[in-house]
Amino acid sequence: MAKPILLSISLCLVALVNGCLAQSGGRQQPRFGECKLKRLVALEPSNRIEAEAGVIESWDPNNQQFQCAGVAVVRRTIEPNGLLLPQYSNAPQLLYIVKGRGITGVLFPGCPETFEESQQGQSRIRPSLRSASFQRDRHQKIRHFREGDVIAFPAGVAHWCYNDGDTPVVAVALMDTTNNANQLDQNPRNFYLAGNPDDEFRPQGQQEYEQHRRQQQHQQRHGEPGQQQRGSGNNVFSGFDAEFLADAFNVDTETARRLQSNHDHRRSIVRVEGNLQVIRPRWSREEQELEDRRERQREIEWERERRQSRGTGERFDNGLEETVCTLRLRENIGDPSRADIYTEQAGRISTVNSQNLPILRWLQLSAERGALYSDALYVPHWNLNAHSVVYAIRGRAEIQVVDHLGQTVFDDDLREGQLLTIPQNFGVVKRATSEGFEWVAFKTNENAMISPLAGRTSAIRAIPEEVLANAFQIPREDARRLKFSRQETFLARSRSRSSTDIRRVVEA
């Protein structure tokens with residue numbers, strides 16, 4: 001009788017999570033006046049935390065640029081054998097893997113534990129730990145990630161990451177704090193299930209934070225009445241009474257206290273001794289890519305059937321296989337062969353949106369990965385329906401941003417490791433320096449769209465010559481050249497830069 005009850009509970013949890021995801025789309029409007037930006041600045045991280053096996057760097061979420069976009073950004077560096085402890089946040093996240101590889105577990109309530117230990121694996125357990133009631137380990141699906149991957153984490157869904165490679169993992173995460181899934185305020189919050197982490201987004205004025213820490217230390221030293229059983233850590237178990245935890249987990253009190261991570265100074269990224277022994281398939285990169293293609297094809301077929309069912313008015317629902325348990329959370333946009341836009345002498349652009357990663361339909365986010373070759377140009381354009389938060393991965397670019405009054409709000413370089421927020425509808429142009437430029441741009445819309453101002457698909461190209469001639473007070477011939485002289489769509493070789501370089505050589 002117990003198994004049907006457990007199955008019913010699991011079904012209810014899965015249905016609840018599905019319902020929450022379905023209703024989480026959309027974004028709250030930022031407070032009035034927050035996007036009246038007179039000047040944009042290329043930003044460096046404002047806070048740095050060194051953990052046992054890595055570094056956490058965050059940008060000040062109170063900066064006006066992030067307040068306008070309604071987002072927060074953090075960069076984590078995980079050393080080899082480093083484990084980012086399990087956590088969840090109050091807002092959906094989009095994570096980009098700048099470098100490195102590893103594994104991650106995403107913990108959806110009610111989903112089955114499909115990875116389980118074999119009898120042979122159980123035989124490796126020490127005889128003293130074996131018993132008739134000993135359970136073989138089982139857990140939810142583990143996913144591999146590599147450089148160039150975008151990973152989606154819904155709000156409130158716990159996850160962890162581990163670096164199983166030989167080089168550090170560098171990951172940049174954007175939290176959409178104005179998403180409707182966040183029912184708190186716009187302050188980003190990470191809730192850890194283990195460890196004693198610091199607040200990754202604490203403001204420069206740390207008085208309240210430091211006061212809270214001092215109170216915890218005082219309670220630990222002096223044991224205030226009613227507080228002696230509570231932990232001094234900063235994870236979600238720390239505030240519970242140890243006896244309650246022991247009762248809930250059916251363990252002894254000492255084990256319950258270990259959950260509270262008292263006296264744990266490793267912070268949120270800890271070092272694993274040896275290697276992390278978890279149940280997972282051992283795939284080569286080719287096998288992983290083959291499995292990715294199969295998952296993508298299954299999603300395409302499911303989406304086609306779902307659309308057909310809409311046309312017939314039938315309800316397309318046949319159980320657990322369309323739940324979050326089987327959703328694909330990862331898409332690689334770093335592979336050059338994956339490019340959506342490519343110009344041979346200028347560069348490439350790859351995008352991920354709800355069309356090729358359907359979970360983004362609920363997160364209301366998308367991303368763009370671009371590479372400009374030496375002295376190449378990303379023609380002037382604007383984002384129709386999204387803010388764009390640009391992170392420079394490599395190289396350097398000259399960027400100009402223009403507001404609705406025609407005022408230049410940014411005219412500077414964007415270098416590796418810096419961030420720049422480009423508000424919706426603001427005009428922007430990028431030109432790579434001689435070292436080239438690579439970036440990832442997080443967009444606050446599931447299907448972000450851009451409109452170029454120059455090139456074959458531009459707004460200028462779509463306007464009649466006579467309208468251009470009268471609008472700009474130029475001869476009809478000049479209007480024709482304005483429309484047709486640039487045949488590329490988005491990326492082009494910079495003619496002005498090339499002529500400038502030739503002039504410098506001649507003068508030298």
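Student: Which exposed residues does helix 5 carry on the face turned away from its buried side?

Tutor: They are E243, F244, D247 and A248. Exposed means over 50% relative accessible area, buried means under 20%, and partly exposed is in between, with a 1.4 Å probe and protein chains only. This is a predicted model, where local features need pLDDT of at least 70, side-chain atom pairs count only at pLDDT 80 or more, and totals for chains, interfaces and linings use all residues. Residues are numbered from 1 along each chain as its sequence is written, and side-chain values use heavy atoms, leaving out hydrogens and water.

Student: And which residues of helix 5 are buried?

Tutor: A242, L245 and A246, in a helix that covers residues 242–249. Seen down the helix axis, these buried residues fall within an arc of 100 degrees, so they line one face. The arc is taken from the directions that run from the helix axis to the C-beta atoms.

Student: Why would residues three or four places apart point the same way?

Tutor: An α-helix has 3.6 residues a turn, so residues with that spacing point the same way.

Student: What covers the buried side of helix 5?

Tutor: The cover includes helix 6.

Student: New topic. How many helices and strands are there?

Tutor: The protein chain has 11 helices and 25 strands. Both are DSSP runs numbered from the N terminus: helices are H or I with at least four residues, strands are E with at least two.

Student: How much of the chain is buried?

Tutor: Of its 508 residues, 48% count as buried. Contacts reach across the sequence too: of those with a separation of 6 or more, 77% are between residues 24 or more positions apart. A contact means heavy atoms within 4.5 Å.

Student: Is strand 23 enclosed or exposed?

Tutor: It is largely enclosed by the rest of the structure, because 13 of its 17 residues are buried. The strand spans residues 427–443.

Student: Which strands pair with strand 23?

Tutor: Strand 18 pairs with it antiparallel over 7 bridges. Strand 19 (376–383) is also antiparallel to it, with 4 bridges. Two strands pair if DSSP finds at least two bridges between them.

Student: What about phi at Q364?

Tutor: It is near 60 degrees, a positive value in a residue other than glycine. Most residues other than glycine have a negative phi. Q364 sits in the loop between helix 8 (360–363) and strand 18 (366–372). Q364 is buried, at 14% relative accessible area.

Student: And H263, what is its phi?

Tutor: Also positive, near 60 degrees. H263 is in the loop between helix 6 (253–259) and strand 14 (269–271). At 58% relative accessibility, H263 counts as exposed.

Student: Last one. How many cavities are there of 30 Å³ or more?

Tutor: The count is 5. On a 1 Å grid over the protein atoms alone, a cavity is a set of points where a 1.4 Å probe fits but cannot get out, and lining residues have an atom within 4 Å of a point. The largest cavity holds about 100 Å³ of space. A volume is the space filled by probe spheres set on the points, which are joined across faces, edges and corners.

Student: Which lining residues lie nearest the centre of the largest cavity?

Tutor: R76, L84, L95, C161 and A171, out of 13 lining residues.

How values were computed: 1 Å grid on protein atoms, 1.4 Å probe; cavity = no way out; pocket = protein on both sides within 12 Å on 5 of 7 lines; lining within 4 Å.
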